[in-house]
Amino acid sequence: MAEELTFPGPLAISLEPHLPPTNDSQRSPTRPFVTLTFATSLDSSLSLAPGVRTRLSGPDSKAMTHHLRSRHSAILVGVSTVLADNPGLNCRIAGVASQPRPIVVDPHLRWAPRSSDKVFGVCRAGAGSAPFVLTGVPAEEIPRDYVRLLEDHGGKYVHVPATPSGRDARPRLSWEDVFGALLAQGLTSIMVEGGGHVINSLLDPAHHELIDSVIVTIAPTWLGKGGVVVSPDRVHDDDGTPLAAARLSGVSWLPLGEDVVLCGKLQSRH
C-alpha cells in the first residue's frame, strides 16, 4: 500500500479561496463546482509524448494534489489517461474522511476494465472508490462483464447523450451534459485532472463559464518538442485578428519545494 501523505495546514488555508465551499449542504447548485488542475513543464507540456507517463510534480506539490482530491467529491480524467497511466484515482491524505469518486469520460467505450486495474485494487483495499464511467454508448451495447465488474466494486456506467461535433462530426459528449450528469449523481464538486485533450477542451472560451478554479503546478524543467502540450485552439475576433485564448484573474502563486503553484479563475469574455 502506498504511503499516506500530509499537507501542512497553513498551505491548505492559502488554497482555500480556490476550492469548493465547505458548506456545500447549504446550497442547491445548478452545476458542480469544477476545478481544473494539472502539472506542466516550463514549455507547457504534460508528458514527454502521448502515452508516456512523465513525473513532473515534486513531493510537496504531489501532496498538494492529494489535498485537492480530499476537497472534491470526484476526480475526472479522460479515457486516454486511464489507458496510458492505469491510475488509482484515490486520495492518500492521512485521515481523509471519504474518498473522491473517480470519473472516466469514455464516449466510445475504449476502456476495457479489468479486475487487475489499479483503480479496482485500491477500491478492494478500502483506499478508494470505484469509478463511474461516462459514455455515449447505449446501456444495451455495453459488454455485461464490464458492467458486472464496475457494479461489483460499487461503480457503474452513466449514459450521456453523444452528438456529432467537430470537423469529423464524430459523436462527442458536451461538457454541459457531462457536468449535469455528475450533479444528478450527487457529485457537487469535480476535480478535472487530465489528460491533454480534456484540459485543452475546457480551456476553450466556450467552456470557461463551467470552470470555477484553475490550479496549475509548474515544474522547473523543459521536456522539449514532441510532448503533450497544454495549448487550446487559437481564437480570433470578428475581423480575424488572433486573440489570447484564455487568461487567469485573481491570481496567486504558491512555492512548493522546487515547484510553483499558480491559482486563478478564468476571465469571462462577456
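Modeller: In the largest nonpolar core, which has 34 residues, L36, L76, L134, F179, L182, I190 and V192 touch the most other members. A nonpolar core is here a set of buried Ala, Val, Leu, Ile, Met, Phe, Trp, Tyr and Cys residues joined through side-chain atoms within 4.5 Å. Buried means under 20% relative accessible area, exposed means over 50%, and partly exposed lies in between, with a 1.4 Å probe and protein chains only. The largest share of this core, 5 residues, is supplied by α6. Apart from this core lies another one, of 18 residues, including I75, V82, V133 and V137. In soluble globular proteins, nonpolar side chains tend to be buried together.

The model is a predicted one, in which local features need pLDDT of at least 70, side-chain atom pairs count only at pLDDT 80 or more, and totals for chains, interfaces and linings use all residues. Residues are numbered from 1 along each chain as its sequence is written, and side-chain values use heavy atoms, with hydrogens and water left out.

Let us consider helix α6 itself. Helices (H or I, at least four residues) and strands (E, at least two) are DSSP runs, numbered from the N terminus. Helix α6 spans residues 175-184, and its buried residues are W175, V178, F179, A181, L182 and L183. Leaving aside neighbours within four places in sequence, L182 is in contact (heavy atoms within 4.5 Å) with L76, I103, L134, L187 and I190. After α6 comes G186, whose phi is positive, near 85°.

Aromatic rings deserve attention next. Rings of Phe, Tyr and Trp (its six-membered ring) pair if their centres lie within 6.5 Å; planes under 30 degrees apart count as stacked, over 60 as edge-to-face and the rest as tilted. The count by this rule is 2 aromatic pairs. W175 and F179 form a stacked pair, with 5.5 Å from centre to centre and 25° between the planes. Both of these residues, W175 and F179, lie in helix α6, 4 residues apart, about one turn of the helix. An α-helix has 3.6 residues a turn, so residues three or four places apart point the same way. W111 and F120 also form a stacked pair, at 6.0 Å centre to centre and 10° between the planes, and both W111 and F120 are buried.

Two strands pair if DSSP finds at least two bridges between them. Strand β4 (residues 101-105) pairs with β5 in the parallel sense over 3 bridges, and V105 stands opposite L134. Strand β6 (residues 156-159) pairs with β5, also in the parallel sense, over 4 bridges, with V133 opposite Y157. From β5 the chain crosses through helix α5 (residues 144-153) to β6, in a right-handed β-α-β crossover. A crossover is right-handed if, with the strands pointing away from the viewer, the path from the first strand over the helix to the second runs clockwise. Together, β4, helix α4 (residues 118-124) and β5 make a right-handed β-α-β unit.
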